[in-house]
Each structure stands twice: as structure tokens, then as C-alpha cells.
Amino acid sequence: MNHDDLGGGLAGNALYEMVVAREQGDWRAAHAAAKAISSRPVAAHPAQANLYRGAPAVAYVLHIAGNSAYARSLAQLDAETVAIVSDRLDAAHRRMDNGRPPRLREYDLISGLTGLGAYLLHRGRDNVLNHVLRYLVRLLTGPLTIDGHRVPGWWAATDPRDAVGTGRFAHGHANFGIAHGVAGPLALLALARRAGHTVDGQGDALAEGIAHLTAWAQPFDNGSIGWPELLPLDAYRKGPEPAAAPGRPSWCYGTPGITRALQLAALALHDDTARHLAERTAFQAVTDFRQTCQITEASVCHGWAGLLLATDRIASDAALPDLTGELPGLHARLESAMARAETPEDAGLLTGNAGVRLTQYTLNTSRPLDLGWETCLLLN
């Protein structure tokens with residue numbers, strides 16, 4: 001089990017312990033968790049380190065802790081993270097200058113610059129953050145040409161696993177989800193603007209993201225609305241598929257993450273039409289049995305915890321109260337899944353019990369501290 005892995009390792013457990021310690025004031029478990037993730041070297045090479053692995057992941061955890069005992073370690077990890085960001089940005093702009101499409105790991109939340117930007121936003125590293133925001137503006141507003149066809153600048157050169165594409169993914173793919181696709185950069189640009197961080201072209205990039213998601217909000221065969229998770233070039237060229245089957249409402253690839261990104265962008269630009277589309281789609285996702293029946297576990301990434309947390313954050317900004325009324329039922333579904341031990345892994349924020357327990361703790365504590373730890377999920 002990786003000690004410096006936020007998504008599926010001990011760093012995710014440590015994040016939970018830090019949030020609880022800041023709320024309750026007992027740091028014994030948190031200090032033990034910090035020792036477990038920092039007693040061995042962490043990945044710091046730009047090709048290996050990202051928000052969910054290595055120096056940036058451990059730095060994020062120690063930053064959330066806000067404890068002076070970690071100040072020296074955090075300063076060192078922070079410097080390493082800034083160096084990683086600088087290296088990644090140089091490589092990304094060289095790639096753009098050559099007119100080539102990116103790999104997912106260049107820009108996505110889990111492995112790329114969007115995730116590193118989320119760390120910088122939470123950390124308050126404004127100058128470096130602005131460089132990431134400018135890159136994301138360029139990514140969303142500068143189109144590419146693939147096999148003679150115009151595609152958006154975030155078009156992945158690779159298959160969904162970020163490997164060199166073959167077969168139906170020979171020309172790469174469009175990824176819509178918040179974990180690996182366009183919803184991630186869109187959400188970060190919106191959250192940054194909400195926090196007062198703006199760069200030239202940011203509004204245009206937000207509008208471009210809104211237009212794209214609005215155009216691809218396709219009606220399912222049962223009357224609800226949603227988005228494809230990903231598309232190869234031939235399917236992308238055909239446009240939205242009428243009467244598609246509803247997908248799984250997971251945080252990572254599905255409606256919850258995408259709708260939160262769309263809602264945040266709409267709020268940033270005061271776009272009521274896009275906001276209502278996002279909120280209506282979120283409501284359908286939690287009330288449509290054909291969607292919810294595809295949730296088969298408790299985790300943040302694919303399960304009830306992610307659906308609940310995303311829906312709660314969407315509801316907190318929603319113009320209409322409908323979503324709020326669905327939250328108790330989602331809480332009950334998560335509790336039931338936990339009682340049946342439906343979490344696939346023991347450790348980690350995304351795939352393990354730590355993320356589920358952190359979601360429960362955050363939403364069940366009467367007056368929790370506003371730590372905003374969900375920035376690593378781009379929900380808040």
C-alpha cells in the first residue's frame with residue numbers, strides 16, 4: 001500500500017485523521033498518520049508526482065492539517081510541488097506550440113495540472129496558480145485538428161487508460177468526467193474565480209466549457225438528461241446520441257461531477273440557463289432508478305459517498321430546493337452500503353473507507369470546520 005497515495009493509499013487515511021483532529025482537538029491519530037506518510041521518501045519526479053501521488057498529495061494532507069508541527073515538512077513539500085508544476089507547465093506549453101493533443105495525465109485532476117492547480121488554490125500560491133489558470137484557458141479555448149477534424153484543445157491523444165490509442169481510440173478520445181476530463185479544468189477555473197483568482201481569458205474559457213457541456217447534454221431513452229463519459233472520434237463527430245441509455249451517476253465520470261462543474265461555471269458567469277440545466281440534471285440523477293441502480297458500492301469515486309457529497313454541494317448552491325429533499329435518502333443509501341461493507345478497499349480517499357468516513361463525518365457533524373478539503377475533488 002503506497003504511503004503517499006491520496007486516492008487509494010495511506011495519504012487518504014491521513015486526510016481523514018487531519019480533518020477529525022482539527023474538529024475535535026485530539027491529534028494522536030493524526031500524528032500517527034502523518035508519520036506513516038512522511039517517514040519514507042515521497043515521489044517528487046514530475047512524471048510520477050501529482051495531487052494524488054507523491055509530494056503534492058502529502059503536502060495537501062499536511063496543509064489541510066494546519067498544524068505547526070508539520071510546518072517544516074510542508075514547506076519542503078510545497079517547494080517540491082511548485083517545481084513539479086513549473087516542469088509540467090513548460091512541457092505542456094511546448095506540446096501546445098507544436099500543435100499536438102495532450103495526454104490525459106497532462107491536464108486532468110487525478111494526475112495532471114488541474115489537480116496541481118487545486119492544491120495551489122487551496123494553498124494560496126497565487127502566482128504559480130495564475131500560471132496554471134492561463135494554461136487551462138489555453139487548453140479550453142485553443143482547438144486542435146485531429147485526422148482533419150476540429151476538436152477541442154483538451155482532446156486526449158490516448159485511450160481512456162491514457163495509453164497510446166488503438167482500434168476505436170486510434171485517434172484518441174473526448175473525456176467528459178471531472179476526474180480525467182474537461183469537467184475538471186472547468187471546475188477549477190470556476191472555483192478559482194469564486195475565490196477571486198482571475199486571469200485573461202478565464203471568462204471565455206468558462207463560457208467555452210459551458211457551451212460544450214450544454215451542447216452535449218443528451219436526452220436518455222427514459223426522458224432524463226446526462227452526458228457521455230467519453231467518446232472516440234467517430235462518435236464525437238456524430239454529435240449527441242438520441243435515446244442513449246443512462247450511465248452510472250459516479251463522481252469520477254458521471255453526472256454528479258459534471259453537473260457540479262457546470263453549475264460552478266454557470267455561477268461564475270451568472271448564466272442562469274446553464275445553472276438550471278445542471279441542477280435539473282443533478283436532480284434527475286438521484287431520482288432516476290435506472291441511474292442509481294448502477295451504484296453498487298459505498299466509495300467516493302464510484303459509489304454512494306461520491307454521489308451524496310456532490311449532490312450536497314450542488315444543493316447548497318441550487319436555486320430550487322428539490323435536491324435538498326433527496327439528501328436524507330442518499331444518506332440512508334450510504335449508511336446501508338457501509339453496513340454491508342460495500343467499500344472495495346481499506347485505505348484511500350477515492351476507493352477506500354477513509355473517503356467514505358470523511359464524507360460521513362463532513363456531512364453529519366453539526367458544525368464542522370469549513371476546511372474545504374473537497375477541493376481535491378473539485379466540489380468546493
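## Basis of the values

Residues are numbered from 1 along each chain as its sequence is written, and side-chain values use heavy atoms, with hydrogens and water left out. In this predicted model, local features need pLDDT of at least 70 and side-chain atom pairs count only at pLDDT 80 or more, while totals for chains, interfaces and linings use all residues.

## Helix H4

Helices (H or I, at least four residues) and strands (E, at least two) are DSSP runs, numbered from the N terminus. H4 has 27 residues and reaches 39 Å from its first C-alpha to its last, close to the 39 Å expected at 1.5 Å a residue, where the expected span is 1.5 Å times one less than the number of residues.

Among the buried residues of H4 are Leu74, Asp78, Ile84 and Arg88, buried meaning under 20% relative accessible area with a 1.4 Å probe and protein chains only. The cover over the buried residues of H4 includes helices H3, H5, H6 and H7, and just after H4, Gly99 takes a positive phi of about 75°.

## Packing of H4 on H7

H4 (residues 71–97) and H7 (residues 126–141) pack at an angle of about 25°, with their axes 11 Å apart; the axes are lines fitted to C-alpha atoms over the stretch in contact, and angles run from 0 to 180 degrees between N-to-C directions. H4 is therefore roughly parallel to H7, a term for angles under 35 degrees.

The contact (heavy atoms within 4.5 Å) includes Val85 and Leu89 of H4 and Val132 and Tyr135 of H7.

## Asp147

Asp147 lies in the loop between strand E1 (144–146) and strand E2 (149–151). Not counting residues up to four places away in sequence, Asp147 touches His171 and Leu233.

Conventions. Parallel < 35°, antiparallel > 145°, perpendicular 65-115°, else oblique. Buried < 20%, exposed > 50% of the residue type's maximum accessible area, 1.4 Å probe, protein only.
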